[in-house]
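Welcome! Here is a short report to read alongside the sequence and the structure. Take a moment to look around, and then we can go through the details together.

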Amino acid sequence: MRGMMDDPLAPHTHEPNPHPPAEDAFFDLVYPDGTKVSIDWGQMEALPRWAISNCYIVSSGHGRSGPFTFAGTPLLLLLQHLLPPDTHWSQVELVSADGFGTRIFRMELMQPVGDRPILVCDQRDGKRLSRAEGWVRLIVPSETNDALRQVKWLKEIKVHSS
Ligand SMILES: Nc1nc2c(c(=O)[nH]1)N[C@H]1C(S)=C(S)[C@@H](COP(=O)(O)O)O[C@H]1N2
Ligand SMILES: [Mo]
């Protein structure tokens, strides 16, 4: 059984892990019924693209970096394109290969903050993120207090019906 300490969605320390956990950047999309599909670079590229400028990564320990222009696919559009059409879903868990993660509710995605939607991001300032930089990374532009939702090395996007 997993203890609280192992739960990737439990509150984290703010000490970021500088080491990419593995080289490959494939991640799994897990449907509410448990079906898994593996998403690779080619599939990401074929999805609608979006770029958001003036993003900062704010770390309580190390100050902030930026401004960056992050680009990728809005999480909502990724889900709308890749989930079977009649899928009922209410939240997603996004977990990295090093056991870091966050939860995002459907309501949050349906009410994006202006034109700054949550992105599944593969580019920064016009260049593909390196694996060390977090490829593939979740970018939550509305998070400006700390970087706990800016999840690097996404490994699993798990969709829940409730
Ligand atoms: N997978 C993963 N993502 C992570 C972390 C981590 O340890 N693992 N640390 C978080 C924290 S605490 C910070 S401050 C930022 C650091 O992002 P940066 O490397 O772009 O500065 O990444 C966030 N995303
Ligand atoms: Mo952090």
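How many Å separate an oxygen atom of ligand 1 from an N or O atom in the side chain of Lys152?

The distance is 2.6 Å, running from an oxygen atom of ligand 1 to a side-chain N or O atom of Lys152. Please keep in mind that this is a predicted model. Arg137 takes part as well: an N or O atom of its side chain is 2.8 Å from an oxygen atom of the ligand.

Taken on its own, ligand 1 has 540 Å² of accessible area, and the protein covers 87% of that.

## The ligand's surroundings

If you are looking for the site, turn to the largest pocket, where ligand 1 sits. There are 15 residues around the ligand, and those that come nearest are Asn17, Asp98, Arg137, Gln150 and Lys152. Sorted by class, this shell holds 7 nonpolar residues, 5 polar ones and 3 charged ones.

## A look at Thr102

Let us turn to a single residue. Thr102 belongs to strand β6, which spans residues 101-105. Is Thr102 buried or exposed? Its relative accessibility is 9%, so Thr102 counts as buried, the cut-off being under 20%.

The side chain of Thr102 also has a polar partner: it makes a contact of 3.2 Å with the side chain of Arg149.

Key:
Residues are numbered from 1 along each chain as its sequence is written. Chains are lettered from A and ligands numbered from 1 in the order in which they are written. This is a predicted model: local features need pLDDT of at least 70, side-chain atom pairs count only at pLDDT 80 or more; totals for chains, interfaces and linings use all residues. Side-chain values use heavy atoms; hydrogens and water are left out. A residue is near a molecule or strand if one of its heavy atoms lies within 4 Å of it. A polar contact is a pair of N or O atoms within 3.5 Å; within protein, one must be able to donate a hydrogen and the other to accept it, and residues adjacent in sequence count only if both atoms are side-chain atoms. Accessible areas come from the Shrake-Rupley method with a 1.4 Å probe; for residues, only the protein chains shown count as cover. On a 1 Å grid over the protein atoms alone, a cavity is a set of points where a 1.4 Å probe fits but cannot get out, and a pocket is an open set with protein on both sides within 12 Å along at least five of seven lines; lining residues have an atom within 4 Å of a point. A molecule sits in a cavity or pocket if more than half of its atoms lie within 2 Å of its grid points. Ala, Val, Leu, Ile, Met, Phe, Trp, Tyr, Cys and Pro count as nonpolar, Asp, Glu, Lys and Arg as charged, and the others, Gly among them, as polar. Helices (H or I, at least four residues) and strands (E, at least two) are DSSP runs, numbered from the N terminus. Buried means under 20% relative accessible area, exposed over 50%, partly exposed in between (1.4 Å probe, protein chains only).
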